[in-house]
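Please look through the structure shown here. The paragraphs below go through its strands, then some of its helices and side chains.

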Amino acid sequence: MLLIVGDSLSAGYGVTRERAWPSLLERRLASHAIKVRVVNASISGETSASGRARLPALLVRHRPRWVLIELGANDGLRGLSLESLRQSIEAMQRMVIDAGAWPILAGMKLPPNYGPGYAGGFEKIYAAPVPGGLLIPFLLEGVAGQPDLNQADGIHPNAEGHQRVLEHVWLTLEPLFMTSTQVEGKNQTVLDSQK
């Protein structure tokens with residue numbers, strides 16, 4: 001099972017939940033006969049601190065194999081402490097590893113109007129995952145700053161933007177999920193037991 005802990009970018013703000021990229025991912029997995037359930041525990045407005053506070057209960061409740069952490073955009077947009085953000089993101093990844101799961105960190109960037117010091121420091125937090133984790137480079141690659149792929153606020157992807165996010169996320173996740181074996185005589189894929 002893949003648990004997604006994110007903010008409005010993953011909760012599907014402004015689009016139906018079925019058109020948000022996590023739901024599209026679940027359908028993509030099913031179309032490849034990969035039996036991985038996707039639990040989207042994302043909440044609009046979530047910060048890294050609130051996600052960090054929620055994560056232990058989510059890990060106990062869902063016992064995921066993978067946890068995709070998509071948080072920090074709200075911290076950055078509010079100008080919150082970069083050190084607190086770094087600590088929360090690192091702590092969440094360590095919690096996931098300690099729970100026996102595999103952390104996947106979604107990279108984030110800020111608009112250039114936040115200044116090179118703050119925006120640059122923000123981006124460095126997502127330069128690499130903790131040892132044992134995976135990184136999805138900037139989640140909104142090819143979507144951010146594209147008016148035809150975003151809602152009127154210029155921040156949240158529209159339905160077409162979510163489809164583009166899925167394609168970008170899939171580039172990182174497909175090899176992970178394709179580390180699998182075919183079940184003899186059946187048209188389905190079962191993931192092996194290795195991380």
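The buried residues of helix H2 (residues 21–31) are covered by parts that include strand S1, helix H1 (8–11), strand S2, strand S3 and helix H7. Helices (H or I, at least four residues) and strands (E, at least two) are DSSP runs, numbered from the N terminus. Buried means under 20% relative accessible area, exposed means over 50%, and partly exposed lies in between (1.4 Å probe, protein chains only). In H2 the buried residues are Trp21, Pro22, Ser23, Leu24, Leu25, Arg28 and Leu29. Just after H2, alanine 33 takes a positive phi of about 55°.

This is a predicted model in which local features need pLDDT of at least 70 and side-chain atom pairs count only at pLDDT 80 or more, while totals for chains, interfaces and linings use all residues. Residues are numbered from 1 along each chain as its sequence is written, and side-chain values use heavy atoms, with hydrogens and water left out.

Five of its five residues are buried, so S1 is largely enclosed by the rest of the structure. In a regular strand the side chains alternate between the two faces of the sheet. For S1, Leu2, Ile4 and Gly6 are on one side and Leu3 and Val5 on the other, and all of these are buried.

Which strands does S1 pair with? Two strands pair if DSSP finds at least two bridges between them. With strand S2 (residues 38–40), S1 pairs in the parallel sense over three bridges, and valine 39 in S2 is the bridge partner of leucine 3. S1 is also joined to S3 by five bridges, and these two strands run parallel. Leucine 2 stands opposite tryptophan 66 in S3, and glycine 6 stands opposite glutamate 70 in S3.

Strand S3 covers residues 66–70, with tryptophan 66 among them. Five of the five residues of S3 are buried, so this strand is largely enclosed by the rest of the structure. Trp66, Leu68 and Glu70 point one way from S3, while Val67 and Ile69 point the other way. Tryptophan 66 has a relative accessible area of 1%. The C-alpha atoms of tryptophan 66 and valine 39 are separated by 10 Å, and the two residues are 27 apart along the chain.

S3 also pairs with S4 in the parallel sense, over four bridges. Strand S4 (residues 102–106) is mostly covered, with five of its five residues buried. From S4, Trp102, Ile104 and Ala106 point one way and Pro103 and Leu105 the other way. Tryptophan 66 stands opposite tryptophan 102 in S4.

S4 is joined in turn to strand S5 (residues 134–136) by three bridges, and the two run parallel. Alanine 106 stands opposite isoleucine 136 in S5. The chain crosses from S4 through helix H6 (residues 116–125) to S5, and this β-α-β crossover is right-handed. A crossover is right-handed if, with the strands pointing away from the viewer, the path from the first strand over the helix to the second runs clockwise.

Next come the contacts between side chains. A nonpolar core is a set of buried Ala, Val, Leu, Ile, Met, Phe, Trp, Tyr and Cys residues joined through side-chain atoms within 4.5 Å. The largest such core has 53 residues, of which Leu2, Trp21, Val67, Leu68, Leu139, Leu173 and Phe177 touch the most other members. Helix H7 (residues 159–177) gives the largest share of this core, seven residues.

What does leucine 68 touch, leaving aside its neighbours within four places in sequence? Contact means heavy atoms within 4.5 Å. The contacts of leucine 68 include Leu2, Ile4, Trp21, Ile104, Ile136 and Leu173. Glutamine 93, in helix H5 (residues 82–98), is buried with a relative accessible area of 2%. Leaving aside neighbours within four places in sequence, glutamine 93 is in contact with Ile69, Pro103, Leu105, Pro129 and Val130.

Last, consider a ring with a charge over it. Arginine 28 lies over the face of tryptophan 170, at 5.4 Å from the ring centre. A charge sits over a ring if NZ of Lys or CZ of Arg is within 6 Å of the ring centre and within 35 degrees of the ring normal.
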